[in-house]
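Here is a short briefing to read alongside the structure.

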Amino acid sequence: RGPNTCFPIARGSKCQGAVSQCTPEAELSAGFYPLRIYGILAVTFWSLIWNREVVIIFHEDNQTMIRVMKTGRNFTMRYLTRTLRLAIAWMHGRFAAGDIDLRYEESDGC
């Protein structure tokens with residue numbers, strides 16, 4: 001993102017291995033894949049190329065998912081590691097490291 005530019009690094013689609021029981025669960029699953037596959041590699045690559053700290057801006061419209069990522073705790077969806085193979089603690093650690101900025105994005109609600 002620059003003063004006159006804003007574009008996503010990547011996009012993709014991934015079939016989930018299980019049915020999500022609620023929207024935050026689906027959002028966590030959808031956010032884990034691009035963060036693990038593209039995000040961490042992009043931070044490392046661009047930091048080396050530009051020789052400076054790079055921050056990824058992660059836009060999210062689900063406040064429950066944001067709360068789980070900021071606290072690292074999720075008592076109502078403890079089964080995610082087992083059913084969807086999501087590492088909540090790993091995601092929390094990545095957001096807490098400071099190289100990924102988690103921002104709330106207002107959704108249209110259509």
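In what follows, residues are in contact when they have heavy atoms within 4.5 Å of each other. Helices (H or I, at least four residues) and strands (E, at least two) are DSSP runs, numbered from the N terminus. This is a predicted model, in which local features need pLDDT of at least 70 and side-chain atom pairs count only at pLDDT 80 or more, while totals for chains, interfaces and linings use all residues. Residues are numbered from 1 along each chain as its sequence is written, and side-chain values use heavy atoms, with hydrogens and water left out.

**Overall layout**

- The chain has 4 helices and 2 strands, and from the N terminus on its elements follow the order α-β-α-α-α-β.
- Of the chain's 110 residues, 28% count as buried; buried means under 20% relative accessible area, exposed means over 50%, and partly exposed is in between (1.4 Å probe, protein chains only).
- If we take the contacts between residues at least 6 apart in sequence, 74% of them join residues at least 24 apart.

**Helix H2 against helix H4**

- Helix H2 (residues 63–71) packs on H4 at an angle of about 80°, and their axes are 7 Å apart. H2 is therefore roughly perpendicular to H4.
- For these values, axes are lines fitted to C-alpha atoms, for helices over the stretch in contact, and angles run from 0 to 180 degrees between N-to-C directions.
- As for the angle classes, under 35 degrees counts as roughly parallel, over 145 as roughly antiparallel, 65 to 115 as roughly perpendicular and the rest as oblique.
- On the H2 side, Met 65, Val 68, Met 69, Lys 70 and Thr 71 take part, and they meet Ile 88, Met 91, His 92 and Phe 95 of H4.
- The residues of this H2–H4 contact divide into 6 nonpolar, 2 polar and 1 charged. Here Ala, Val, Leu, Ile, Met, Phe, Trp, Tyr, Cys and Pro count as nonpolar, Asp, Glu, Lys and Arg as charged, and the others, Gly among them, as polar.

**Helix H1 against helix H4**

- Helix H1 (residues 23–50) and helix H4 (residues 88–96) pack at about 55°, with their axes 11 Å apart, which means that H1 is oblique to H4.
- H1 passes H4 in a left-handed crossing. A crossing is left-handed if the near helix is turned anticlockwise from the far one by less than a right angle, and right-handed if clockwise.
- From H1, the residues Leu 28, Gly 31, Phe 32, Leu 35, Arg 36 and Ile 40 meet Ile 88, Trp 90, Met 91, Arg 94 and Phe 95 in H4.
- By class, this contact of H1 with H4 has 8 nonpolar, 1 polar and 2 charged residues.

**Helix H1 against helix H2**

- H1 and H2 pack at an angle of about 60°, with axes 8 Å apart, so H1 is oblique to H2.
- The crossing of H1 and H2 is right-handed.
- Pro 24, Glu 27 and Leu 28 of H1 make this contact with Thr 64, Met 65, Val 68 and Met 69 of H2.
- The contact of H1 with H2 comprises 5 nonpolar, 1 polar and 1 charged residues.

**Aromatic pairs**

- The structure holds 3 aromatic pairs. Rings of Phe, Tyr and Trp (its six-membered ring) pair if their centres lie within 6.5 Å; planes under 30 degrees apart count as stacked, over 60 as edge-to-face and the rest as tilted.
- Phe 45 and Trp 46 have ring centres 4.9 Å apart and planes at 75°, so this pair is edge-to-face.
- Phe 45 is partly exposed at 45% relative accessible area, and Trp 46 is partly exposed at 32%.
- Phe 58 and Phe 95 form an edge-to-face pair, 5.3 Å centre to centre with 80° between the planes.
- Because Phe 58 lies in strand E1 (residues 56–60) and Phe 95 in helix H4, their pair ties together parts that are 37 residues apart in sequence.
- Both Phe 58 and Phe 95 are buried.
- Ring pairs also link Phe 45, Trp 46 and Trp 50 into a cluster.

**Loop residues to look at**

- Asn 51 is in the loop between H1 and E1, and Asn 51 is exposed, at 69% relative accessibility.
- The phi of Asn 51 is near 55°, a positive value in a residue other than glycine. Most residues other than glycine have a negative phi.
- Arg 73 is in the loop between H2 and helix H3 (80–83), and Arg 73 is exposed, with a relative accessible area of 56%.
- The C-alpha atoms of Arg 73 and Ile 88 are separated by 7.8 Å, with the two residues 15 apart along the chain.
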